[in-house]
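Open your viewer and keep the selection tool ready. We will go stop by stop.

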Amino acid sequence: MADDLHRRYQDAHTAHQEHASTCTTCTDTSRCPTGQRLYETFTRLQDAYLNRQRQQRR
């Protein structure tokens, strides 16, 4: 499952980057509704992945 989580985290990062590179509304501090959704998905998965990594090191 960790590999699946990592893959989803990386895919969300790619989707966010692709959107940000073409959206004329999104900036580093402000996002359109789609950009905000993609960013929140990315950060949620990133947090889950990093928390899992920390737990495995204990």
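Is His16 buried or exposed? Select His16 and see. His16 counts as buried because its relative accessibility is 15%. Buried means under 20% relative accessible area, exposed means over 50%, and partly exposed lies in between, with a 1.4 Å probe and protein chains only.

A word on the model before moving on. This is a predicted model, where local features need pLDDT of at least 70, side-chain atom pairs count only at pLDDT 80 or more, and totals for chains, interfaces and linings use all residues. Residues are numbered from 1 along each chain as its sequence is written, and side-chain values use heavy atoms, with hydrogens and water left out.

**Stop 1: around His16**

Stay on His16. His16 sits in helix 1, residues 2-22. Now show what touches His16. Leaving aside neighbours within four places in sequence, His16 is in contact (heavy atoms within 4.5 Å) with Arg31, Gly35, Leu38 and Tyr39.

**Stop 2: the whole protein**

Zoom out and colour by secondary structure. The protein has two helices and zero strands. Helices (H or I, at least four residues) and strands (E, at least two) are DSSP runs, numbered from the N terminus. The radius of gyration is 13 Å, well over the 10 Å that the globule rule gives for 58 residues, so the protein is more spread out than a compact globule. That radius is taken over C-alpha atoms, and the rule is 2.2 Å times the number of residues to the power 0.38. Along the principal axes, the C-alpha atoms fill a box of roughly 45 × 20 × 15 Å. Of the 58 residues, 22% are buried.

**Stop 3: Arg52**

Select Arg52, in helix 2 (residues 33-57). Arg52 counts as partly exposed because its relative accessibility is 26%. Arg52 and Leu5 are 47 residues apart in sequence, and their C-alpha atoms are 9.4 Å apart in space.

**Stop 4**

Select Cys23, Cys26 and Cys32. How many disulfides does the structure hold? It holds zero. A disulfide is a covalent bond between the sulfur atoms of two cysteines. Here the cut-off is a pair of cysteine sulfur atoms within 2.5 Å. The closest cysteine sulfur to that of Cys26 is in Cys23, 3.6 Å away, which is too far for a bond. Cys32 is in no disulfide either, and its nearest cysteine sulfur, that of Cys26, is 3.7 Å away. Cys26 is buried, at 15% relative accessible area. Cys32 is buried too, at 13%.
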